[in-house]
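Please walk through this protein with me, one part at a time.

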Amino acid sequence: FNIDNEILRKYCLEQEQNTKGVVKSNIGGYQSPDFPLDAPELEELIQAIEWSFREYTADLIYPPPLSVANMWCNINYYKDGNAPHVHPNSVYSGAYYVQTPKDCGEICFQHPALDLLYHYQTEGKNALFKGGPQERGVYLFPSWLKHYVSPNMNFNEKRISISFNVIGGVSMKKMN
């Protein structure tokens, strides 16, 4: 996304300073409560997310109306991360990266049959996808996909991301 990250960075840091954090999947660090979606600082990001999903679902017979349902920030300091989790009550989820210093941790997606893949002869091959964060980058994924964030191993700089959930209807792919 071509978004002004400085506006988002300041907004996230203000939330951390002025709003008590919540503990959900975070192991250390700061996780904000849900942002008010009408905050002017978030408008450009929300539009980019919803546009991305319109593009992603363009080849569906009946593209579902998808919209951002909620979003929050994660600020991870040295050794902070997120435990394995899913995002219930939504269709898609995502993580947008505001600040990503070197060695700040990866987002890791687990195959739904992870335990079976490790048990049988595959020895877990292709059971885990690790993605490096990039500033202004976004990962979009089905909300039921279990994932976690490895610890930020950068002693001096924090990782800042904005996570979100998208809701809407479900549709079928076009048949050729």
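In which helix is the place of E50? E50 belongs to helix α2, which covers residues 43–56. Keep in mind that the model is predicted.

Is E50 buried, partly exposed or exposed? Its relative accessibility is 21%. Buried means under 20% and exposed means over 50%, so a residue in between is called partly exposed. E50 therefore counts as partly exposed. Leaving aside the neighbours within four places in sequence, E50 is in contact with L66, S67 and V68. Another residue to look at is V166: E50 and V166 are 116 residues apart in sequence, while their C-alpha atoms are 8.4 Å apart in space.

The next topic is the sheet. Five strands form an open sheet, and their order is β2-β3-β10-β5-β8, with antiparallel pairing. The edge strands are β2 (30–31) and β8 (138–142), each of which pairs on one side only.

Now take the pairs of strands in turn. Strands β3 and β10 are joined by 10 bridges and pair in the antiparallel sense. Here S67, one of the contacts of E50, has I167 in β10 as its bridge partner. On to β5 and β10, which are also antiparallel and pair over 7 bridges. In this pairing, Y92 has V166 of β10 as its bridge partner. Strand β5 (residues 92–99) is joined to β8 by 5 bridges, and these two strands run antiparallel. A95 stands opposite Y139 in β8.

Helix α2 packs on the sheet, where it touches β3, β5, β8 and β10. The direction of α2 makes about 125° with that of β3. Helix α1 lies across β2, β3, β5 and β10, and runs at about 100° to β5.

How many of the 10 residues of β10 are buried? The count is 8, and the strand is described as mostly covered. S161 lies in this strand, β10. S161 has a relative accessible area of 7%, so it is buried. Leaving aside its neighbours within four places in sequence, S161 is in contact with W72, C73, N74, Y96, Y97 and V98.

Return to helix α1, which spans residues 5–18. Side chains of opposite charge can pair when their charged atoms come close. The side chains of R9 and E6 meet in a salt bridge, with 2.8 Å from N to O. A search of the whole structure finds 1 salt bridge. R9 and E6 both lie in α1 and are 3 residues apart, about one turn of the helix. R9 has a relative accessible area of 24%, so it is partly exposed. E6 is partly exposed as well, because its relative accessible area is 35%.

Which residues make the nonpolar surface patch of about 430 Å²? They are Y77, Y78, M153 and F155. Y78 is found in a loop, the one between β3 (66–76) and β4 (81–85). The relative accessible area of Y78 is 34%, so Y78 is partly exposed.

Definitions and conventions. Residues are numbered from 1 along each chain as its sequence is written. This is a predicted model: local features need pLDDT of at least 70, side-chain atom pairs count only at pLDDT 80 or more; totals for chains, interfaces and linings use all residues. Side-chain values use heavy atoms; hydrogens and water are left out. Helices (H or I, at least four residues) and strands (E, at least two) are DSSP runs, numbered from the N terminus. Buried means under 20% relative accessible area, exposed over 50%, partly exposed in between (1.4 Å probe, protein chains only). Contact means heavy atoms within 4.5 Å. A salt bridge is a side-chain nitrogen of Lys or Arg within 4 Å of a carboxyl oxygen of Asp or Glu. Patches are made of residues with over 30% relative accessible area and no salt bridge: like charges are joined within 9 Å, nonpolar side chains (Val, Leu, Ile, Met, Phe, Trp, Tyr) within 5 Å. Accessible areas come from the Shrake-Rupley method with a 1.4 Å probe; for residues, only the protein chains shown count as cover. Two strands pair if DSSP finds at least two bridges between them. Axes are lines fitted to C-alpha atoms, for helices over the stretch in contact, and angles run from 0 to 180 degrees between N-to-C directions.
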